[in-house]
Amino acid sequence: MSFENIICYLSVCCLRVRRLEDRDRVGIRLPSSLSRLITKFLETNTTYLSISEFTRAALREKIQRDAPWLYEEITRDTLDKRRSDSERYL
């Protein structure tokens, strides 16, 4: 493995750790019936690997549908930040 490849690999690892640090934890309570419904859905649908992944996608879709202007603004800001972070580590 070349020195450049090692630096690139370490840069990607740093970005992954940084992204995890940028996440907030949100806890919610669900009615048992809704929790069972989500569990059954996840058992039959292979798109989502976890309830967390499903929940993030559902929240994104809801905001994108009900407030597309806000979704576009946040998405653009996030992409700009990731681009600037990746350039800093390369």
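How much accessible surface does the protein have, and what share of that surface belongs to carbon and sulfur atoms? The accessible surface comes to about 8,100 Å², and 57% of it belongs to carbon and sulfur atoms. Accessible areas here come from the Shrake-Rupley method with a 1.4 Å probe, and for residues only the protein chains shown count as cover.

Some housekeeping. This is a predicted model, in which local features need pLDDT of at least 70, side-chain atom pairs count only at pLDDT 80 or more, and totals for chains, interfaces and linings use all residues. Residues are numbered from 1 along each chain as its sequence is written, and side-chain values use heavy atoms, with hydrogens and water left out.

Now the fold. The protein has 4 helices and 0 strands, giving the pattern α-α-α-α along the sequence. Helices (H or I, at least four residues) and strands (E, at least two) are DSSP runs, numbered from the N terminus.

Of the 90 residues, 11% are buried. Buried means under 20% relative accessible area, exposed means over 50%, and partly exposed is in between, with a 1.4 Å probe and protein chains only.

Next, the surface. Val-26, Ile-28, Leu-30, Leu-34 and Leu-37 make a nonpolar patch of about 480 Å². Patch residues have over 30% relative accessible area and no salt bridge; like charges are joined within 9 Å, and nonpolar side chains (Val, Leu, Ile, Met, Phe, Trp, Tyr) within 5 Å. A salt bridge is a side-chain nitrogen of Lys or Arg within 4 Å of a carboxyl oxygen of Asp or Glu.

Which residues make up the largest nonpolar core? They are Ile-38, Leu-42, Tyr-48, Phe-54 and Ala-57, 5 residues in all. A nonpolar core is a set of buried Ala, Val, Leu, Ile, Met, Phe, Trp, Tyr and Cys residues joined through side-chain atoms within 4.5 Å.

Last, the rings. The whole structure holds 3 aromatic pairs. The pair Phe-41 and Tyr-48 is tilted, because the ring centres are 6.4 Å apart and the planes are at 40 degrees. Tyr-48 and Phe-54 pair edge-to-face, 5.3 Å centre to centre with 80 degrees between the planes. Rings of Phe, Tyr and Trp (its six-membered ring) pair if their centres lie within 6.5 Å; planes under 30 degrees apart count as stacked, over 60 as edge-to-face and the rest as tilted. Phe-41, Tyr-48 and Phe-54 form one aromatic cluster. Within it, Phe-41 is partly exposed at 32%, while Tyr-48 is buried at 19% and Phe-54 is buried at 18%.
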